[in-house]
Amino acid sequence: MKHTRKLLVAAAAMSVMTFSSCDKQDYIDFNTNPNTIYNLTPEQQFTNSCIAMFDADFEYYYDYYRIMMPWMQYFTPANGNSKTYMQDVGNFNQRRGYFYLRVGNNLTDVLQIINRAPEEEKANRRSQAAIAKILLTYYGLYTTETNGNLPYTEAWQARYGGTLTPKYDTQEELFSTFDADLKASIATLKANTSEQISFGTADLYYSGDAAKWVKAANALRLRLAMRWGKRNPAKLQEIANEVIAGDLFTANSDNLEFVSSSNHAGAGGNWDPSPALFKGSKALVDFMYNSNDPRIRIFFQKNAYSQQNVDLAKAQGIIPASTIVSAKQYVGGFASPDAAADAANARFYNNTRNFVNGNGVQQALDTLSRIQYRLFCPGISNPYVSNPTPGTGQITFPMLTYSEQLFYRAELAARGITTENAEQLYEMAVKASMRYYDLMGSRAQVFDYVALTDTEVDAAYNNVNVKYDASKALDLIASQSYIHFFKQANEGWALYKRTGMPNTTTTLAFEQILADGVVQKMPRRPLINLPNNTDLNFNNAKAGLDQMASDPEFGAGPGDIYGRIWWDKQ
C-alpha cells in the first residue's frame with residue numbers, strides 16, 4: 001500500500017509535540033488567537049469534524065488491517081500470521097493523535113463559536129452545541145478506552161484563554177463526565193423548540209435531526225455503561241434502566257453511521273486491503289458457513305474453485321485432471337502461526353497456480369477466501385474481468401447501531417440486570433445485523449452481490465448454533481455480537497476484553513494461537529508513551545501515568561501491552 005500523510009493543523013492539546021522554528025510561530029498563532037476561526041460558522045466546522053473522524057487511512061492501515069482485525073481473528077494475512085503478530089504494535093493507536101489534532105479541536109471550535117455568539121443566537125444554537133458534545137463524547141470514549149487517562153476537560157482551550165498544560169483526567173473521571181454530558185445533551189435536545197437552528201446538511205450523519213441524535217446519545221450511554229460494568233455494577237444498572245426507559249433505536253435507519261462515496265476510499269492507497277490479499281480466518285469462515293449465515297458473502301469472497309474455473313485449469317494443465325470440485329468455496333486461513341506453517345496445511349497457501357479464467361484474464365487458483373475488498377474500499381476494480389473499471393459504490397462506517405444496542409439489552413436481560421426478554425432482543429439483534437450488512441454490501445457493490453431474503457434470515461437464525469438457548473445465552477450473544485462487529489474491530493476487541501468471549505470453547509470457537517508451541521495472549525492496550533521531561537506538559541502527563549500505574553492490574557509498565565487500564569478490570 002502507498003503511504004501518504006495529509007498535512008494536519010495542530011490544536012493545543014497534545015503534551016508531546018516538536019516543530020521546526022519556522023512552523024512553531026504558525027502553530028502558536030493558530031492556537032492562541034481565536035480570531036483565526038471567526039470566519040467559520042458552526043456548520044462548517046461541524047462538517048469538518050464529521051469528515052475528520054473518517055479521513056483516517058493510517059488508522060485503517062495500521063490499527064485495523066494490521067493489528068486489531070488479525071488479533072480478533074476476523075482475517076489473516078495472505079500466508080498466515082507471523083509468530084510475533086500478537087506483540088507487533090508498531091504505529092498502533094492512531095486514534096490518540098486524531099482525537100487531539102483532527103476531532104476534538106474542531107468540535108471545541110464549534111462549541112466556542114456558539115458560546116461566543118450573541119445571546120439570542122447562542123440560545124438558538126443550544127441543540128447544535130448538544131449534538132457537538134455527543135460527537136465529542138463518542139470519540140473521547142473511543143480514545144480513552146485504550147489509552148486510559150487523558151487531557152479532556154482542560155484540553156483544546158489555549159486559544160480561548162485556557163491552559164497550555166491541561167490536566168490528565170482519570171478514566172473514572174472521564175466516564176462520569178461523558179455520562180453527565182450525554183444526559184445534558186439529551187435533555188437539551190428533547191427540550192428543542194422551533195427557534196433552534198439546525199445543522200441541516202452540514203450534519204453528515206443525521207442532517208440535524210434532533211430526535212435521532214437523542215437516540216444515538218442513549219445508545220452511546222449504554223455502550224459506556226457496558227464498559228463501566230466491572231468497576232461500578234450499580235452505575236451499569238442505573239444507566240441501563242434509564243436508557244431502556246428512554247428513546248431507543250428501533251431500526252437500522254436509526255444507526256449512527258458515516259456513508260461516503262467510493263472517492264473517499266478509492267482504489268489504491270492505505271484504504272485498499274487488496275494488495276495484502278487478506279483472507280478470512282478459519283474460525284469465523286467455518287462458523288458462518290456451517291450456520292448458513294448470509295453475511296458470509298458480504299464479508300468474504302468465494303475461493304477460485306468453481307466448476308468453471310476448475311475445468312479451465314484442468315484444460316490448461318494447471319491442476320490434475322482428477323481434481324474434484326468441492327461445494328464449499330468459503331475456506332478460511334489459519335490464525336495460529338504454527339498451524340499456518342504446518343506442512344500439512346501448505347496446500348491452502350499455494351497461490352502460485354495461475355490459469356486464464358472465462359474472461360480471458362489470468363487469475364490465481366486461490367484456495368482461501370479473500371475478504372470482500374469493496375466493503376472496505378468500494379473504489380476497487382474487479383481484477384477478474386477484462387478492462388476492469390473502478391467501483392462506484394459507497395463505503396459505510398458504522399458508529400452506533402441498532403443491533404449493538406439490542407445485543408447489549410439481550411446481555412443485560414440474560415444476566416438478570418434488567419427484566420426485558422433476552423431471547424426476543426437477541427433474535428431481533430441477529431436479524432437486524434444480517435439486514436444491515438446486506439445494506440452495506442449493496443452500497444459498496446461487493447463482488448457477486450446477491451440480495452438478502454427473509455427466508456435466508458429466518459433459516460440462519462434457526463440454525464442450532466445461532467438460535468437462542470437460555471442455557472448458553474451469554475455465549476451465543478457474544479458470538480453473534482462478535483460477528484456483528486466485523487466492520488468495527490475495536491468493538492469486537494472491547495467485547496473480548498469485557499467478556500472474555502469469543503474464546504476457544506464458545507459456540508463460535510476461536511483458534512488457539514500458538515507460536516513455536518507457546519500459547520499467545522491477547523493484548524489489552526497499545527503502548528503508552530512515556531512523557532519526555534522536556535515536554536511543556538510533562539508534570540501532568542507523568543501524574544496521569546503514575547495514577548494508572550498505581551493499579552496492580554496496569555502491569556509491568558507503560559510498555560506492557562498485556563496490562564489493563566481502569567475499565568478493563570479482571
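Predicted model: local features only at pLDDT ≥ 70, side-chain atom pairs only at ≥ 80, totals over all residues.

Trainee: Which elements give two or more residues to the lining of the largest cavity?

Mentor: Start with the space itself, which is about 250 Å³. Its lining has 19 residues, and those nearest the centre are Phe 54, Tyr 64, Tyr 138, Tyr 142 and Pro 398. The elements giving two or more residues are H3, helix H6 (126-147), strand S8 (394-400) and H19.

Trainee: Now the second largest pocket: which residues lie nearest its centre?

Mentor: This pocket holds about 770 Å³ of space. Helix H10 (282-290), helix H11 (296-299), helix H12 (307-315) and strand S7 (362-364) each supply at least two residues of its lining. There are 32 lining residues, and nearest the centre lie Gln 301, Lys 302, Asn 303, Gln 329 and Asp 448.

Trainee: How do the residues of that pocket lining divide by class?

Mentor: Take the residues nearest the centre, which include Lys 302 and Asp 448. Lys and Asp count as charged. Over the lining of the second largest pocket, the residues divide into 12 nonpolar, 13 polar and seven charged.

Trainee: Let's talk rings. What kind of pair do Trp 71 and Phe 92 make?

Mentor: The structure holds 43 aromatic pairs. In the one you picked, the ring centres of Trp 71 and Phe 92 are 5.5 Å apart and the planes are at 85 degrees. Planes over 60 degrees apart are the cut-off here, so Trp 71 and Phe 92 are edge-to-face.

Trainee: Where do those two sit, and how many residues apart are they?

Mentor: Trp 71 is in helix H3 (residues 57-71), while Phe 92 is in the loop between strand S1 (75-76) and helix H4 (94-115). Trp 71 is buried at 1% relative accessible area, and Phe 92 is buried too, at 10%. The pair links distant parts of the chain, 21 residues apart.

Trainee: What about Tyr 482 and Phe 510: how many residues apart in sequence are the parts they tie together?

Mentor: Their ring centres are 5.3 Å apart with planes at 75 degrees, so this pair is edge-to-face. Tyr 482 is buried at 0%, and Phe 510 is buried at 7%. Tyr 482 lies in helix H18 (residues 473-484) and Phe 510 in the loop between H19 and S9, so the parts tied together are apart by 28 residues.

Trainee: Which residue lies over the face of Phe 554?

Mentor: Look for an Arg whose CZ is within 6 Å of the ring centre. Over Trp 567 there is Arg 227, at 5.7 Å from the ring centre. Over the face of Phe 554, at 4.0 Å from the ring centre, lies Arg 525.

Trainee: Is Asp 516, with its positive phi, buried or exposed?

Mentor: Most residues other than glycine have a negative phi. Asp 516 has a phi near 55 degrees, and it lies in the loop between S9 and strand S10 (518-519). The cut-off for exposed is over 50%, and at a relative accessible area of 58%, Asp 516 is exposed.

Trainee: Last one: which peptide bond is cis?

Mentor: Most peptide bonds are trans. Check the loop between helix H19 (489-499) and strand S9 (514-515), where Pro 502 lies. With omega near -5 degrees, the cis bond is the one from Met 501 to Pro 502.

Technical notes. Residues numbered from 1 in each chain as written. Heavy atoms only, no water. 1 Å grid on protein atoms, 1.4 Å probe; cavity = no way out; pocket = protein on both sides within 12 Å on 5 of 7 lines; lining within 4 Å. Points joined across faces, edges and corners; volume = space filled by probe spheres on them. Helix = DSSP H or I, 4+ residues; strand = E, 2+ residues; numbered from the N terminus. Buried < 20%, exposed > 50% of the residue type's maximum accessible area, 1.4 Å probe, protein only. Phe/Tyr/Trp six-rings, centres within 6.5 Å; stacked < 30°, edge-to-face > 60°. Lys NZ or Arg CZ within 6 Å of the ring centre and 35° of its normal.
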